Amino acid sequence: MGLKPVFNVGKIGNNISTSSIPSPFWEGNVKKPNKAKVVFKQIWKWSKLLILIFFVVMGLWGCMQSVWDTDIKTSPYVGQGMEYGYAIGTTGDYRFDLMSNGALGYFSFDSFTWQYGPFYGLFVLPGAAFANEISWMGKSWWGGTNVLLAIFLLLLIIRTLSLFVSLRSTLQNEKMSEIQGKIAEINAKYKGLNDAFSRQRKSQEVMEIYKKNHVKPFAAFEQILITLPIFMIIYRVVSISRPMKATTLFNLWNFGATPMNQIFSNFSSGGWVYIFLLLIIIPFQFLSMKLPQHWAKKRNRNAQAVSNAGTKQAKRMKMIQLVMMCVMCGVVVFSATGVGVYWFLSALFSIAQSYIMHTVIIRNKRKGGTLESKLDKMLNV
């Protein structure tokens, strides 16, 4: 005789409440969720979303402000355009002190107002102040290495603060690679079935695979969204920092000069050396995009998608990456040399981080995946 569940219908018989009837054994085994933990997860979830939206808005704000706001107009020439430096006569060094004329405006911690907006107030100003202090500490160093150190440390701080997003994105990409074989099986299962029911079932099965493996498809794009504001911060800092504009790296490349202008307008008088700068920066940009893909493919050779849909998706991704690569090359060629140096250092950071993650994941898989699961739980709270 089968067991029948008890329904709550108020009272039974002679005023006997259903509360006096014992619950079936399976109800007692249900573990009640920790309310505090649930609330914390919801708060953390929405906090991450709001932080991500904030950084995206700041990145777009910086882009639009650079295009439309004439008050922040910059120039590669010392003493022209908006500059951040020390007040006139503070150090007696033209590389750090602002000039009395020619500048559209400058700001410092003493005179700063919110007239330049939150993007400058929250990000560009502190970044420029930090870079100036580091540059001043190494003012006697040869060949502008003090400015190079300033960019490196500024980039290190920003990349460290965004490390959470980078690790999360890397792990999500790893999971996506691991489940491609299962996704390919589902695609093959519903191949040629285009009716509404089949599409719905296919979507449900794919979502079940994602849920079972704790895959969040859009988490891999978080790093791309964070890249925009990071680039805009460095770009504006390099554009307005007086020491950077006044520095010639290794006595060859002026931080404020544009490689394209130097090559075509000043080729015979020293502009030709910027060709070598591009030959250093652009290949490393290419490597910073290709090496992580190579290592990921090496880690997951047995989990690659073999379906037509997977092949088409891989081709689309390659096309997107090619477009991004061309855009980056254009930025390096047509922006100030300091921006190109930032891209070079950023590429080195990306390669080193990707290799470290590759090594950690390989060793972790050999030991049973304990570390990876711990990182996954920590980053996906």
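Student: Hi! What should I know before I look around?
Tutor: This is a predicted model, in which local features need pLDDT of at least 70 and side-chain atom pairs count only at pLDDT 80 or more, while totals for chains, interfaces and linings use all residues. Residues are numbered from 1 along each chain as its sequence is written, and side-chain values use heavy atoms, with hydrogens and water left out.

Student: Okay, how many salt bridges does the structure hold?
Tutor: There are five salt bridges. The term stands for a side-chain nitrogen of Lys or Arg within 4 Å of a carboxyl oxygen of Asp or Glu.

Student: And why do such side chains pair up?
Tutor: Side chains of opposite charge can pair when their charged atoms come close.

Student: Which side chain meets Lys245 in a salt bridge?
Tutor: That is Glu83, at 2.9 Å from N to O. The pair links distant parts of the chain, 162 residues apart: Lys245 is in helix α9 (residues 242-245), and Glu83 is in the loop between α2 and α3. Helices here are DSSP runs of H or I with at least four residues, strands are runs of E with at least two, and both are numbered from the N terminus.

Student: Is Lys245 buried or exposed?
Tutor: Lys245 counts as buried because its relative accessibility is 2%. Glu83 is buried too, at 1%. The cut-offs are under 20% relative accessible area for buried, over 50% for exposed, and partly exposed in between, with a 1.4 Å probe and protein chains only.

Student: Which residues are linked in a network with Glu83?
Tutor: Arg242 and Lys245 are linked with Glu83 in a network of salt bridges.

Student: New spot: what does Glu205 pair with?
Tutor: One partner is Lys189, at 3.1 Å from N to O. Glu205 lies in helix α7 (residues 196-212) and Lys189 in helix α6 (residues 180-189), so this pair ties together parts that are 16 residues apart in sequence. Another partner is Arg201, at 3.8 Å from N to O. Glu205 and Arg201 both lie in α7, four residues apart, about one turn of the helix.

Student: Let's switch to rings. How many aromatic pairs are there?
Tutor: The structure holds 19 aromatic pairs. In one of them, Trp142 and Phe250 have ring centres 5.9 Å apart and planes at 25°, so the pair is stacked. Rings of Phe, Tyr and Trp (its six-membered ring) pair if their centres lie within 6.5 Å; planes under 30 degrees apart are stacked, over 60 edge-to-face, and the rest tilted.

Student: Where do Trp142 and Phe250 sit?
Tutor: Trp142 is in the loop between α3 (117-137) and α4 (145-161), and Phe250 is in the loop between β3 (248-249) and β4 (253-254), 108 residues apart. Trp142 is exposed at 55% relative accessibility, whereas Phe250 is partly exposed at 31%.

Student: Which residues form an aromatic cluster?
Tutor: Phe54, Phe55, Tyr116, Phe119, Tyr120 and Phe123 form one.

Student: Last one: how many residues of α5 are buried?
Tutor: In α5, 12 of its 16 residues are buried, among them Val165, Leu167 and Met176. Helix α5 covers residues 163-178 and reaches 23 Å from its first C-alpha to its last.

Student: And the surface patch?
Tutor: Trp46, Leu49, Leu50, Ile53, Val57 and Trp61 make a nonpolar surface patch of about 590 Å². Patch residues have over 30% relative accessible area and no salt bridge; like charges are joined within 9 Å, and nonpolar side chains (Val, Leu, Ile, Met, Phe, Trp, Tyr) within 5 Å. Trp61 is in helix α2 (residues 35-68).

How values were computed: The expected span of a helix is 1.5 Å times one less than its number of residues. Accessible areas come from the Shrake-Rupley method with a 1.4 Å probe; for residues, only the protein chains shown count as cover.
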